[in-house]
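The entries follow in the order I made them.

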Amino acid sequence: MSGERGRGAVLYTLAALILMLGVGWWWRAAPRESGDERLISWRHRAEQLLPDVGDHELANTLALEGGAGHDEVVDVEQGDFLISMVCAGDDGSRVRVSLGIGDSGRGVRCSGSRTPEIISVGLFDELHLRVAVESPGPVVFRYALQRSNG
């Protein structure tokens, strides 16, 4: 084997090795789906009850642990908005949703027959949404913000 052929074989072997290492790294770095089938089912249910539509300024779905809280702060332009909310979880589970500092919040059921709760609110420059889980198990909470037409 000539020197050129030997160098070519070494280069091809190194390229193949680097490619295999890159594929292995990519496979290990890929995000994993949550192992809890209930959360996947509840997320799907919440997204069916409150689907993304073109007139939403913003929509988000959150998986929250029991007893946990989450603050969502989003910059918005001044105006009147409708906030639609749904929650999915075990029987008897609830969340408390507050809109800003000093607001005691509104209870939203996560089980039983669920329809989106809708709140009309005037916002100046940001939406401050606080979600607190009032039950022991995990829940999936979804909200959508849309500009009010009237």
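**Entry 1: strand to strand**

Which side chain meets Arg106 in a salt bridge? I looked it up in this predicted model. The partner is Glu117, with N to O at 3.9 Å. I then placed the two residues. Glu117 is in strand E6, and Arg106 is in strand E5, residues 106-109. They are 11 residues apart, and the pair counts as a link between distant parts of the chain. Glu117 is partly exposed, at 28%. Arg106 is also partly exposed, at 33%.

I searched the whole structure for salt bridges and got 8. One of them joins Arg142 and Asp52. Their closest N and O atoms are 2.6 Å apart. Is Arg142 buried or exposed? Arg142 has a relative accessibility of 4%, so it counts as buried. The cut-off for buried is under 20%. Asp52 reaches 57%, so it counts as exposed. The cut-off for exposed is over 50%.

I turned to Glu134. Its side chain meets that of Arg94 in a salt bridge, at 3.6 Å from N to O. Glu134 is in the loop between E7 and E8, while Arg94 is in strand E4, 40 residues apart. Glu134 is partly exposed, with a relative accessible area of 43%. Arg94 is partly exposed as well, at 31%. Which residues make up the network here? I found Arg94, Arg96 and Glu134 linked by salt bridges.

**Entry 2: the nonpolar cores**

Next I looked at the largest nonpolar core. How many residues does it have? It has 23. Met85, Val95 and Phe141 have the most contacts inside it. Several strands give two or more residues to this core, among them E1 (56-64), E3 (79-89) and E8 (139-147). Strands E4 (94-99), E6 (117-123) and E7 (126-133) are also on that list.

I picked Phe141 and listed what it touches, leaving out residues up to four places away in sequence. The list includes Met85, Val95, Leu62, Leu129 and Val131. Asn60, Thr61 and Cys87 are on it too.

Another core lies apart from the largest one. It has 9 residues, including Ala46, Val86, Ala88 and Val140.

Key. Residues numbered from 1 in each chain as written. Predicted model: local features only at pLDDT ≥ 70, side-chain atom pairs only at ≥ 80, totals over all residues. Heavy atoms only, no water. Core = buried A, V, L, I, M, F, W, Y, C linked by side-chain atoms within 4.5 Å. Buried < 20%, exposed > 50% of the residue type's maximum accessible area, 1.4 Å probe, protein only. Helix = DSSP H or I, 4+ residues; strand = E, 2+ residues; numbered from the N terminus. Contact = heavy atoms within 4.5 Å. Salt bridge = Lys/Arg side-chain N within 4 Å of Asp/Glu carboxyl O.
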